[in-house]
Amino acid sequence: MRFELILAVRFLREGRFQTLLTLAGVAVGVGVIVFLSALISGLQTSLVANTLGSQPHVVIRPQDAVARRMLEEGTDKVAARVEGAAQRPQKIPDWPANLGRVERVPGVVATSPIAAGAAFAVKGDVSKAVALRGVDPARFDRIVDVTGRLKSGAFRLEGNDVVLGIGLAADLGLSVGDKLRLVTEGGRSDVFTVGGLFDLGAKDLNERWVLSSLRNAQTLLNLEDGITSIEVRVDAIFEADRMADEISDRTGLVAETWMQINRQLLVGLKSQSASSWMIQFFVVLAVALGIASMLVVSVVQKSREIGILKAIGTSTGQTMGVFLLQGTILGLAGSALGCGLGALLALLFRSMALAPDGSPVFPVDLTWTRFVAASAVATVVGVVAAVAPARRAARLDPAEVIRYG
Amino acid sequence: MAEEDGAILRLEGVRKSYGSRVVTEVLHGIDMSVNAGEFVALVGPSGSGKSTLLNLMGLLDRPSGGRIFLDGTDTSTLDDAGQTRFRGHKIGFVFQFHHLLPAFTSLENVMMPLLVQRGRPDDEMRQRARMLLVRVGLEDKIFARASDLSGGQQQRVAVARALAMQPPLVLADEPTGNLDSNSADQVFDLLREFNREYRGAFVIVTHDHRMASRCDRIVEIVDGLIRKVDTGS
Ligand SMILES: Nc1ncnc2c1ncn2[C@@H]1O[C@H](COP(=O)(O)OP(=O)(O)OP(=O)(O)O)[C@@H](O)[C@H]1O
Ligand SMILES: [Mg+2]
C-alpha cells in the first residue's frame, strides 16, 4: 500500500464514529438515487409500454382526412384516433407504392395497411356502433399484439371471420363461433362469424374494435381496393417524430406519432423525470456536503499529525493525497453499501406494491448500469468534496503546529 | 564553501520578524555555523528566540533576512517543495512534546520518515526501524501504540525517528524538557551516543546547564543575538 493510502485508511479508522456516520450518509444517498431512478424508470417504461401496447408508433393518413378529423373532434383525445367517427373514409392514394416508400424509411420495423370506418354490429335486436378495421393479421400483429392478447379463438380472419374485444362481446352476448351482422353507412351489410376475442387492456378498444380481413372491410366500407391508413412500428420510440417527418417528406401523406397523440402522457413523464433529477441532484449535494464537512473537521482534529508529517518531509501533494483518498474511500465504500440498500428498497417495494392478482404493479428497473452510475457519481463527488479539506490540510504550517503542541 | 570549512550548517546575518502590521523582530542578525559531527547546545532565557532559530535551521520557516546554507546549499534558492524534500533528507527533529503519531505503533512512527520518502513500506526500512528501536532500548515496545508509551519512552521513539533517515543534522528543541531527570539523562545519553556513532551534527536547545556543559560547544542567545560561544567539554 502506498503511504497516502496507509494514512487515509488510518485516519478514517481513527475517526470511527464520524466515519461511520458519514458512510451511512453516503449509503443512504446512493440508496435513494438507485431506488428512485429504478422506480421512475420502471414506472415510465411500463407506462409507455402499456400505452404503446395497443397503439402504433406512427399513423399515416391522407391529407384532408386528418384536417377534417381535427375539426370535428379536437386534437388531444385518444379517442380521436378511432376512425369510426369519420363519415366517409378517405383513401390513401396509390397505397402499395406509398407503403413501399414507408417501409424503406430507416428505423421502420413493421407496417400494416388498414381499411377502417364506422359500422354497426347487430345481434338480434341489439345494435352497437363499432370501429371496423380491416387488417392483415400477420402484419397487424407486429403493430398491436392481438394474438398475444386473445382470450379465446384465433386471430386468423379467414372467410367471414372477425375478431373483436371482450367488451363488445359482452355487450352483444357473443362468444367464439357466434354470428353477427355488420352494417355500414351506405346500407351495405354482411354476416360474420366470431373467430376470436381479445383484451387489449383498454376499455375503449375492447368495446369498439372489430377486426376483419382487409378485403371484407374494403367491401363493406365501399373502399374498392383502397386503404384509409398505414400503421407503423419503429425501432426507437423516442425518435418517432423524426421518422414521421421523414415519412411525410417521402410520401406527401400526414404522419402522426404516438408522442403527438399522447401529448399529456409525455408532458407528465417529462416533469416526472425533471423532479426525479432534481431530487437526485440535491441528494448528491447533501452527500458532498456530508463528506466535505466530515473531512474539514478531520483536518482540524488531525492538524497536529499533519504538522508532524510535514515537518518530517511529507510534501504538499502527499498531504492532499491523504485527504483526497479519504474522500474517495468514503465515496466508494458508501456506494457499495448504498447499492445494497437501494436494491433492498427496490425489492421491498416490488414485493409490497402488488396488483390484485399478486403480480408486481410495475417492474422496478434494477440494471447493473444504474449501480455503476450511482457509484461513479458518489465516488467522484467524494473526491471533489475532499478537495477543499485537502487544500486546507496542505496549507497547514508545521511551525505553528509544533510551537503550540 | 560549506565543504571547505567542514560546516554542515551556516547562518549569515539571519533575521526573523513576526507580524505584518506591528512588526516585531525576534532575531537581529545571527551568524553561526555548525560543523559536521558537532554537538552544539543552544541556551538562553525564555523568549530569547531559540525555538525561532531552530525552526529556521530546520527549514520549517523562512528567515526575514540573511541566508542559511545547509550541506552546501543556499536554502533561500529552494522553493517550498524543495525545502520540504531537503528537510526530509537532511534534517531529523526531536521536539519538546515528542510529537509522535499517537495512533501508530513505535515501529510505524520510526519508519514514517522513510515511508514518506520512498512511498511504500519495504523490509529494509522495517529492519532499520526495528534496529533503531532496539538501540534506544524499546525492543519490547516495537508494536505498542505511541499513545500507550510513557513520556520518556515516547521521546526515545522520537529520537529513533529523527535518526531513521541518517540525516547529517539533528535538531532537538528541549528534548528532555518534559521528562524526569532519569529519563532526561537516558535521552541525552542516547543523543550523545548517536552523535559519536553516526557522526551526525546535533543542535540541542536546553535549559539544563549540566547537559549543556556536556556538549562540544554552547551558543548562548539573548534577545535575538548571540551573546557568547563557549567551547564545552
Ligand atoms: N509565530 C509567532 N508570532 C509572533 N511572535 C512569535 C511567534 N513565534 C515566536 N514569537 C515571539 O518570538 C519570541 C521568541 O520566541 P521563541 O519561541 O523563539 O523563544 P524561546 O527562546 O524558544 O523561548 P522558550 O525558552 O520559552 O521556549 C517570543 O517573544 C515570541 O513571543
Ligand atoms: Mg522554545
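Which side chain of chain B does Arg10(A) meet in a salt bridge? The points below take up this pair, the interface around it, and one residue within chain A.

1. The model is predicted. In it, the side chain of Arg10(A) meets that of Glu108(B) in a salt bridge, with 2.6 Å from N to O. The count of salt bridges between chain A and chain B is 1. Polar contacts across this interface come to 6 residue pairs, both residues in each being at pLDDT 80 or more.

2. On the side of chain A that touches chain B, at least two residues come from each of the helices α1 (3–14), α12 (303–311) and α15 (398–403). The most is given by α12(A), with 6 residues. Sorted by class, this side of chain A holds 12 nonpolar, 5 polar and 8 charged residues.

3. Chain A brings 25 residues to the contact and chain B brings 26 residues. Between them, the two chains bury about 2,300 Å², and carbon and sulfur atoms give 61% of that area. Within chain A, the most area is lost to chain B by Arg10(A), Ile312(A) and Ile402(A), which together make up 25% of what that side buries.

4. A separate point concerns Asn206(A), which lies in helix α7 (residues 203–208) of chain A. Asn206(A) counts as buried because its relative accessibility is 8%, and the cut-off for buried is under 20%. Leaving aside residues up to four places away in sequence, Asn206(A) touches Gly165(A), Ile166(A), Gly167(A) and Leu168(A), and also Phe198(A), Asp199(A), Leu200(A) and Gly201(A).

Conventions. Residues numbered from 1 in each chain as written. Chains lettered and ligands numbered in written order. Predicted model: local features only at pLDDT ≥ 70, side-chain atom pairs only at ≥ 80, totals over all residues. Heavy atoms only, no water. Helix = DSSP H or I, 4+ residues; strand = E, 2+ residues; numbered from the N terminus. Buried < 20%, exposed > 50% of the residue type's maximum accessible area, 1.4 Å probe, protein only. Contact = heavy atoms within 4.5 Å. Buried area = accessible area lost by both parts, 1.4 Å probe. Salt bridge = Lys/Arg side-chain N within 4 Å of Asp/Glu carboxyl O. Polar contact = N/O pair within 3.5 Å; in protein donor to acceptor, adjacent residues only side chain to side chain. Nonpolar A, V, L, I, M, F, W, Y, C, P; charged D, E, K, R; others polar.
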